[in-house]
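Please examine the sequence and the model shown here. The paragraphs that follow lead through selected parts of the fold.

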Amino acid sequence: TRPGVRPPREAATHCPYCALQCGMVLREAGERIEVAPRDFPTNRGGLCQKGWTAADLLDHPDRLTTPLLRDRPGGDLRPASWDEALDRVTAGLRAVQERHGRDAVAVFGGGGLTNEKAYALGKFARVALRTRHIDYNGRWCMSSAAAAGMRAFGLDRGLPFPLADLGRADTLLLVGANPAETMPPLMRHLADQRERGRRLIVVDPRLTATARQADLHLQPLPGTDLAVANALLHIALTEGWLDRAYVADRTTGFDEVRRTVAGCWPAEVERLSGVPVADLEATARALATVDRAIILTARGAEQHAKGVDTVTAFINLALALGLPGRPGSGYGCLTGQGNGQGGREHGQKADQLPGYRRIDDPAAREHVAAVWGVDPAALPGPGVPAYQLLDSLGTAHGPRALLVFGSNPVVSAPRAARVESRLRDLDLLVVADLLRSETAELADVVLPVAQWAEEDGTMTNLEGRVLRRRALREPPPGVRTDLAVLAGLAARLDAPGAFPTDPAAVFAELRRASAGGPADYAGVSWDRIDADTGVFWPCPDEDGPDTPRLFADRFPTPDGRARFRAVTHRPAAEPVCADYPLHFTTGRVLAQYQSGAQTRRIAALHRAAPGGFVELHPDLAGRLGVADGEEVRVVSRRGELRAPARLSPAIRPDTVFAPFHWPGAARANSVTNDAVDPVSGMPEFKICAVRVEKA
Ligand code: SF4
């Protein structure tokens, strides 16, 4: 490098998108920023299309670089200074709270925010706004598995073992998971498993890219996974495959489960789900008669109004076979969003404080309030889950103002048209985003915030591994970090306590706040993360070990034992009928991510997946007189979507599928059901009743 010439910058960081958090290197290359894969234990040198193109958004022409204000309802958004925008937000929040009370303001976060931002957002809601209303879009991602894990194991960590364990499993059962499309580099671990001649079994109503690689594909009717799990356990017990010693020494509650699954006859489950008894038997045998077996669930099993019980049924199966706690064995959930795991540990959830503590636990309140420098009595109580919160906005008893950080519920919420109308009814909607998302388009104030390559921080991936996100460059002029936005608002609101803008300072505070909690980060320092390939929580002591594998000797329950819980199948919240005779289910495609606000703007991804579609079986299409590519309407009791038909024998003839990444006419969530799981608050994204017509 010549004297006086700055060398090109480089940052070893992670992909901004999904929970695999693939390692990548960002490099300045003239005017461009190049992405290169980095060998990391999760991606082992691989990236998917989304990762390769992630830097294309950094200098995208749609990037927001100035705050926007709307002066009157129905008027246009206009550029404004930061002072004017933050003053407007502060005045609006104050006016709403003075008129309607503190809980009239709500905060909605995102599973893509760093740990530092998730923590700061939770603190801002509880300390600066003193509202009980905060929740986040991760509620729609992993909350059913989280609640089931807490119930059974006393702890929720998506994978309680390192990802590399997948390659060691003799049998791997994937339920409602399609990593070949959603997180392709994960398939490298499955390739290890297959090279060793081991079995992969996939449960999915569609013959997905992942199911095509399976040794056995079970294709149940959507919403019948719970019955399938109970039938598998029924077969295991009948065949004498119960791990008696494990059940006796390490669990409680088995007798009731035994009684319940005794009535789950495989032949009846075949009639209900469509999965042949022979396949159920082969699956049970493959899980129960090997040394190491892993059961993984994802959104297909979890996004149901009985999602918690469905996951519980698979956990029951894993416990009965003695799997959790042994290397290369166990139960886990494949978390979806980039910081879906960390985002739920630091206070964004309606019922939680940092460290995965319960907000209604007096000891937790005292500990966190001491770190925050406030009176524990001043902290609000628990709020309500995400959909319930959004559905109450602007109503007689709901919040009248909402701050959204890192989320686009106009596209991603169930029954999205209703959520959109609730947002329109607000007195004040503030959106912090890097782009004019569909939700930002409705806002009174839009605050432009930094992107992933422009700020430091930490993320916690699907394994519970805490990672370092490293900045390559400063945010462009006019753009602030989310932490700076929160600090600016807290100062204007005269909030007690400190709201640092330096992510390292926020992380130091997060460590103290989480100390002693279930998700203990006290021993996780940035230096320690840098020195290795991340740190697995819990890690209470900087000089002590972290915890890559949980549950080896005991479960973190009061008696150290895992808890069985008897669960039974129940029908979907909205059964099919003469008017709506088909099942509708949703999911993702390889080239798009979540609501698509970012990936739809990336040219290469748009070329690969330019718009929504409706997948239907050729037999069904024949009955409807629909040709491939012809536009169809999918109509439910809540709304409709219009998109071209994509004929495929990969889907059951009684079920239609649409990806949920697109707004407008192709918005799949115009159709989905807002029935929620009573324990987790998870909406029933994965099944509702529809009819399909030629458009
Ligand atoms: Fe990014 Fe996930 Fe793709 Fe990896 S798999 S490159 S983390 S989107």
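**A guided reading of the model**

Strand S8 (residues 171-175) pairs with S12 in the parallel sense over 5 bridges. Helices (H or I, at least four residues) and strands (E, at least two) are DSSP runs, numbered from the N terminus, and two strands pair if DSSP finds at least two bridges between them. This is a predicted model, in which local features need pLDDT of at least 70 and side-chain atom pairs count only at pLDDT 80 or more, while totals for chains, interfaces and linings use all residues. Residues are numbered from 1 along each chain as its sequence is written.

Strand S12 (residues 293-297) is mostly covered, with 5 of its 5 residues buried. A residue is buried if 20 or more other C-beta atoms lie within 10 Å of its own, exposed if 12 or fewer, and partly exposed in between, with C-beta atoms placed from the backbone. Ala 293, Ile 295 and Thr 297 point one way from S12, whereas Ile 294 and Leu 296 point the other way, and all are buried.

An open sheet of 3 strands has the order S1-S2-S3, with antiparallel pairing. Strand S1 (10-14) and strand S3 (32-37) are its edge strands, and each pairs on one side only. From one strand to the next, the twist averages 30 degrees. S1 and strand S2 (residues 23-29) are paired in the antiparallel sense over 5 bridges, and Ala 12 has Val 25 in S2 as its bridge partner.

Of the 14 residues around the ligand, Cys 15, Cys 18, Cys 22, Cys 48 and Gly 51 come nearest. A residue is near a molecule or strand if its C-beta atom, placed from the backbone, lies within 6 Å of it. By class, the shell around the ligand has 10 nonpolar, 3 polar and 1 charged residues. In this count Ala, Val, Leu, Ile, Met, Phe, Trp, Tyr, Cys and Pro are nonpolar, Asp, Glu, Lys and Arg are charged, and the others, Gly among them, are polar.

A further open sheet of 3 strands has the order S19-S20-S21, with antiparallel pairing. Strand S19 (457-460) and strand S21 (535-536) stand at the edges, each with a single partner strand, so one side of each is left without a neighbour in the sheet. S19 and S20 run antiparallel and are joined by 4 bridges; the bridge partner of Met 459 is Leu 467 in S20. The hairpin of S19 and S20 has 4 residues between the strands, and in it Gly 464 takes a positive phi near 80 degrees. On the pairing with S21, strand S20 (residues 465-469) forms 2 bridges in the antiparallel sense, and Arg 465 stands opposite Phe 536 in S21.

Helix H4 (residues 143-153) and helix H14 (residues 307-320) pack at an angle of about 50 degrees, with their axes 8 Å apart. That angle makes H4 oblique to H14. Angles under 35 degrees count as roughly parallel, over 145 as roughly antiparallel, 65 to 115 as roughly perpendicular and the rest as oblique. Axes are lines fitted to C-alpha atoms, for helices over the stretch in contact, and angles run from 0 to 180 degrees between N-to-C directions.

Some backbone details remain. Most residues other than glycine have a negative phi, and most peptide bonds are trans. Arg 44, in the loop between S3 and helix H1 (49-52), has a positive phi near 45 degrees. With 18 C-beta neighbours inside 10 Å, Arg 44 counts as partly exposed. Asp 494, in the loop between helix H20 (482-492) and helix H21 (503-514), has a positive phi near 55 degrees. Asp 494 is exposed, with 8 other C-beta atoms within 10 Å. Finally, a cis peptide bond, with omega about 0 degrees, joins Trp 537 and Pro 538, and Pro 538 is found in the loop between S21 and strand S22 (562-563).
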